[in-house]
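Me: I would like to go through this structure with you step by step, one question at a time. Here are the sequence and the model.

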Amino acid sequence: MHDKCTCCHQPFEPEPGYYYGAMFISYAFNAAYFFTMWVALSLFGEFGTLEFSIALISIAAILFPLTFRWSRVLWLNIFVRYDSRVKCS
Ligand SMILES: [Zn+2]
């Protein structure tokens, strides 16, 4: 990851520990995955706690790279405004 945006020079880590707050967004993503998986598995039959656990851990592990980036992007976009006047060449 670059230290700054190559276009507008916005630092991607404005202060140390900036992305700790992204954990809360990641938590929300994982809660959504878990709820969706729980509903989907409940619709398709009877599953025990072990099967649910394996499915939930698997989906969280598979989607981790996306969740990690989406959480950080969303967290950064909460505090940094998009400026459409900046044009990259
Ligand atoms: Zn930029």
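Me: Is T67 buried or exposed?
Reply: This is a predicted model, in which local features need pLDDT of at least 70 and side-chain atom pairs count only at pLDDT 80 or more, while totals for chains, interfaces and linings use all residues. Residues are numbered from 1 along each chain as its sequence is written, and side-chain values use heavy atoms, with hydrogens and water left out. A residue is called buried under 20% relative accessible area, exposed over 50% and partly exposed in between, with a 1.4 Å probe and protein chains only. The relative accessible area of T67 is 2%, so T67 is buried.

Me: Which residues does T67 touch, not counting residues up to four places away in sequence?
Reply: Touching, or contact, means heavy atoms within 4.5 Å. T67 lies in helix α2, where helices (H or I, at least four residues) and strands (E, at least two) are DSSP runs numbered from the N terminus. With residues up to four places away in sequence left out, T67 touches S26, F29, N30 and Y33.

Me: How far apart in space are N30 and T67, C-alpha to C-alpha?
Reply: N30 lies in helix α1, and with residues up to four places away in sequence not counted, N30 touches A60 and T67. Along the sequence N30 and T67 are 37 residues apart, whereas in space, C-alpha to C-alpha, their separation is 8.0 Å.

Me: What separates the C-alpha atoms of R69 and A22?
Reply: R69 has its place in helix α2, and at 53% relative accessibility R69 counts as exposed. R69 and A22 are 47 residues apart along the chain, and their C-alpha atoms are separated by 9.4 Å.

Me: Which residues make up the largest nonpolar core?
Reply: A nonpolar core is a set of buried Ala, Val, Leu, Ile, Met, Phe, Trp, Tyr and Cys residues joined through side-chain atoms within 4.5 Å. The largest one here has 6 residues, which are Y18, Y19, A22, I25, W75 and L76. The elements that give two or more residues to this core are α1 (22-44) and α2 (49-79). Leaving out residues up to four places away in sequence, one of the core residues, L76, touches F12, Y18 and Y19.

Me: Why is the chain described as more spread out than a compact globule?
Reply: The secondary structure of the chain comes to 2 helices and 0 strands. The globule rule, 2.2 Å times the number of residues to the power 0.38, is compared with the radius of gyration, taken over C-alpha atoms. For 89 residues the rule gives 12 Å, and the chain is more spread out than a compact globule because its radius of gyration is well over that, at 18 Å.

Me: What share of the 89 residues of the chain counts as buried?
Reply: The C-alpha atoms of the chain fill a box of roughly 55 × 25 × 20 Å, taken along the principal axes. Of the 89 residues of the chain, the share that counts as buried is 19%.

Me: Which residue has a positive phi although it is not a glycine?
Reply: The residue lies in the segment before α1, and it is exposed, with a relative accessible area of 53%. Its phi is about 65°, a positive value although the residue is not a glycine, and its name is H9.
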